[in-house]
Amino acid sequence: MVSKNPSESDKQPAFTLGGRDIAAGSRETVDLPVSVLSDHTPVTLSVHVVHGKLPGPTLFVSAAVHGDEVIGVEIVRRLLKSPSLKKISGTLLAVPIVNAFGFLNHSRYLPDRRDLNRSFPGSPSGSMASRLANLFMEQVVTKSDVGIDLHSAAIHRTNFPQIRISSDDPRAKKLANVFAAPITLESQLRPGSLRGASEEKNVPVLLYEAGESLRFDELSARSGLSGILRIMRHLDMLSATRKPEPKLTTLHSSSSRWLRAPGGGLLRGHRTIGDRVKEGDLLGTISDPFGESEIPLHATFDGLVIGRTNLPIVYEGDGLFHVASIENNVNVARKLDQTTSLVAEGVALDEDEII
């Protein structure tokens, strides 16, 4: 049981970041210099440090590694406004915008067209992307015990709220069960990814994928926020909720596949993210502009639609529906409906945390 009035001897020492000391029981935004634009405008990596009075683990929550994936920025904003943080133990490092260059330009990439999430762990003497990746690793990841990295689908696509983990990391799997996104997908580590570089530093990272680039949606925001708060309670960084927390479960998938357009034309989608499908179900129809020909697209296996294109104009080979393979039984639909409805209605959050 955490004491409400810790003595001076109980308090944890100050947290040092970028040469700044943040005292126990305080919070502060630290601007870490990254670069200077061609017009002499400085660019920083801004980290908001919430340093609790009592000792505990350090958790980082990052967003906008891809500059156009803004749903994570909203989730971090809501997290930092949460009243629960007033009694935090340990330390939260919140980085709402990692890739400020891309964020300002509504772009996934940095000005040099490099993908930051393929540039970790980086180098202090490398490219712009490599230097930013190195700064994030040295100042955020290596100071943390656990991380949560928030993403959305790429442009013109949308994702059903999901957590992605490595199949051989039991720590991440346990944390994914606590986070309780509607579905957890086993996903291979990409070379140069933040998740891969962090795991090499023995820092387990959950990758949250939800929504679409340059857009907010309430299900993605609430699912992300409630999952982060559950992780913080699991790590004993936050006290339990005032009322019994609803039991949320996550579906598990060990494989997924993009179903691609067999021909070009105009897509009419008949299924969307979150839909369960069975082999042979009609997912969409591709027609030519004159209505003279139609190509049906059918599900090739049982699963759950976890991503799809938002564009009606498609070319042959385009990825249209991302389907995750799941166990086909009646409990799947019941668990999925329960989790998404509780999150959508805000039942998975304290009333004060829906902000």
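**Figure 1. The end of helix α4 and the residue that follows.** Just after α4, Ala-180 adopts a positive phi of about 60°. The model shown here and in the other views is predicted.

Figure 2. Ala-172, Leu-175, Ala-176 and Phe-179 are the buried residues of α4. Viewed down the helix axis, these buried residues fall within an arc of 105°, so they line one face of α4. The face turned away from the buried side carries Pro-170 and Lys-174, which are exposed. The cover over the buried residues of α4 includes the strands β7 (146-151), β8 (157-165), β9 (183-186) and β10, together with helix α6 (218-234).

**Figure 3. The aromatic pair of Phe-179 and Tyr-208.** The structure holds 3 aromatic pairs. In one of them, Phe-120 and Phe-136 have ring centres 6.3 Å apart and planes at 75°, so this pair is edge-to-face. In the pair of this view, the ring centres of Phe-179 and Tyr-208 lie 5.4 Å apart with the planes at 40°, so the pair is tilted. Phe-179 and Tyr-208 are both buried.

**Figure 4. The aromatic cluster of Phe-60, Phe-120 and Phe-136.** These three residues form one aromatic cluster. Within it, the rings of Phe-120 and Phe-136 meet edge-to-face, because their planes stand at 75°. Phe-120 lies in the loop between α2 (100-104) and α3 (128-139), whereas Phe-136 lies in helix α3, so their pair ties together parts that are 16 residues apart in sequence. Phe-120 and Phe-136 are both buried.

**Figure 5. A charged group over the ring of Trp-258.** The charged end of Arg-157 is placed over the ring of Trp-258, at 4.2 Å from the ring centre.

**Figure 6. Strand β19 and its two partners shown here.** Strand β19 (residues 319-324) is mostly covered, with 6 of its 6 residues buried. Strand β12 (residues 256-260) runs antiparallel to β19 and is joined to it by 5 bridges. Arg-260 has Gly-319 of β19 as its bridge partner. Strand β17 (residues 303-309) also pairs with β19 in the antiparallel sense, over 4 bridges. Here Val-305 stands opposite Val-323 of β19.

Technical notes
Residues are numbered from 1 along each chain as its sequence is written. This is a predicted model: local features need pLDDT of at least 70, side-chain atom pairs count only at pLDDT 80 or more; totals for chains, interfaces and linings use all residues. Side-chain values use heavy atoms; hydrogens and water are left out. Rings of Phe, Tyr and Trp (its six-membered ring) pair if their centres lie within 6.5 Å; planes under 30 degrees apart count as stacked, over 60 as edge-to-face and the rest as tilted. Helices (H or I, at least four residues) and strands (E, at least two) are DSSP runs, numbered from the N terminus. Buried means under 20% relative accessible area, exposed over 50%, partly exposed in between (1.4 Å probe, protein chains only). A charge sits over a ring if NZ of Lys or CZ of Arg is within 6 Å of the ring centre and within 35 degrees of the ring normal. Two strands pair if DSSP finds at least two bridges between them. The arc is that of the directions from the helix axis to the C-beta atoms. Contact means heavy atoms within 4.5 Å.
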